[in-house]
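Okay, thanks everyone, I'll keep this short. Let me put the model up on the screen and then we'll go inside.

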Amino acid sequence: MLKDFKFDKVDQRYVNFKRSDLGEQLDRLQRIVQRLDIPVLILVDGWESSGKGFVINDLTRELDPRYVRVEVFEGATEEEMRHTSVWRFWRKIPSRREMVVYDRSFYYQVFNHDERTDKKLAQRVQELLALEKMLVDDDTIVIKLFLNVTEETQANNIKQLEQSTRSQFLLSDEDYAQAKDYASHQKWFDKVLKATDLPYSPWHIIAAEDLKLASKTALGLTIELITAGIEQITLRRTSQEDLPTHEYYIDQPKLDDVDLSLKLSEKEYDKDLEKLQKEAANLVYECYTHDIAIVLAFEGVDAAGKGGAIKRLTRHIDPRSYKIYGINAPNQIERLFHYLWRFQIELPQDGDMVIFDRSWYGRVLVERVEGLTPQRDWQRAYKEINQMEKTLTDHGSVVMKFFLYIDEDEQAKRFQDRLNEPEKNYKITTEDWRNRKKWDEYILAMNEMLDRTHTENAPWYIISGQDKYHARHQVLKYFIQHLKNTLAKNTQKASKMKKRKE
């Protein structure tokens, strides 16, 4: 892409336009996409000292500043490095009211700082492309611009910037590294660009020899691409095209196969409880010392005992090391973002633990059954959720998912108990009774969810909640065994790495 780029045949379509006129056209489009709830994400990447700041200033100058953000991405901070590679980008995605410009793209780290191996490139690209695809499928217009300059122009730009009183802020080691070995960087950039050039969000290479023309080109392309994006998204929203076909993963027993007769006496429960709780606490601490993040998701039938199981699980765990999020319907702000955004921003850093009481699976449960999300969107969510969980486990995090199940008669009994006992009244709502009327629809959705999202890296643990002692005991045992397996694998991996170094 870069190697074959012809600087003497650059795009001349916008040469006679005024930058201010193009800016005003973009301003009008900003109001249109805002009215249509279409987020816009513009990624501006390229060579260092190629004029990214100049171009971004012109892209945003005429826009309503209340609904435009510029996010600067350079090397990852210490906090960001303790999360997955995509976490920091999820935190800054545009809402349905915004246009967001990234100064340096998702791929900046791959362009400049990641270990330059094909294996590392494949892993990073897979994670970043998955994020990009999720945004595009959620009706985000993604525009990718790469500013290209010749070796001579970059060297001259660096010399000019050195004369500035702000040179210490405008120039970095990366500028000089690229200028020193332009050919090597160009070859690597080409590799990354080709790996991330997609039919639905291609790279647009812009000659930045003349910054004013580069700015006009960036503005003109952005106007064209947003206009085309509006048309495509409007058509897709009204289209009746075929829905995605099902993709089944590892077989998982259906809920009808769960043995609800399993019981544990109070005596047996009391005998084991504290020992298991302390063992769980010790394993969480060991994960902390090995910088292993833990992500737990609790789902299940209403009144199946999720809260009680969570309470017993965390009894002896240091409360400073974990957070619990009780998930309800998204609020006004959360509805403006991709449905995974509110979960992504709460994911734990390495060494910490987060427990979600209800989770991202609401997309394929309540949103599906209650008709809150179009079928096309919740069908797509299975793959997106599997990808999110894979990104977590590829990073080294633990992902465990517990599903507590009781039958319809037991649920009715527990609902009535909550009504009869004043101290438990807060646990029962009109929504619980309404959901109960759709029991069969929820069971169907739950079965499909368990089938399609049970994976080796992020398994479902289906537990009979008919007997509360049994359920709480089982959660602790699965939790302990999973962490033991993870720590054992971690030790084996560390041992192999040590041998290689020796």
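I'll talk about the cavities in this one.

So, first, this is a predicted model: local features need pLDDT of at least 70, side-chain atom pairs count only at pLDDT 80 or more, and totals for chains, interfaces and linings use all residues. Residues are numbered from 1 along each chain as its sequence is written, and side-chain values use heavy atoms, with hydrogens and water left out.

How many cavities of 30 Å³ or more are there? The structure has 4. By cavity I mean a set of points, on a 1 Å grid over the protein atoms alone, where a 1.4 Å probe fits but cannot get out; lining residues have an atom within 4 Å of a point. Volume is the space filled by probe spheres set on the points, which are joined across faces, edges and corners.

The largest cavity holds about 100 Å³. There are 13 lining residues, and the closest to its centre are Val86, Trp90, Gln344, Met388 and Thr391. Domain 1 (19-239) and domain 2 (266-500) each give at least three residues to that lining; those bounds come from an automatic or database domain assignment.

Among the lining residues you'll find Pro39, Arg96, Asp138, Phe337 and His338.

Key:
1 Å grid on protein atoms, 1.4 Å probe; cavity = no way out; pocket = protein on both sides within 12 Å on 5 of 7 lines; lining within 4 Å.
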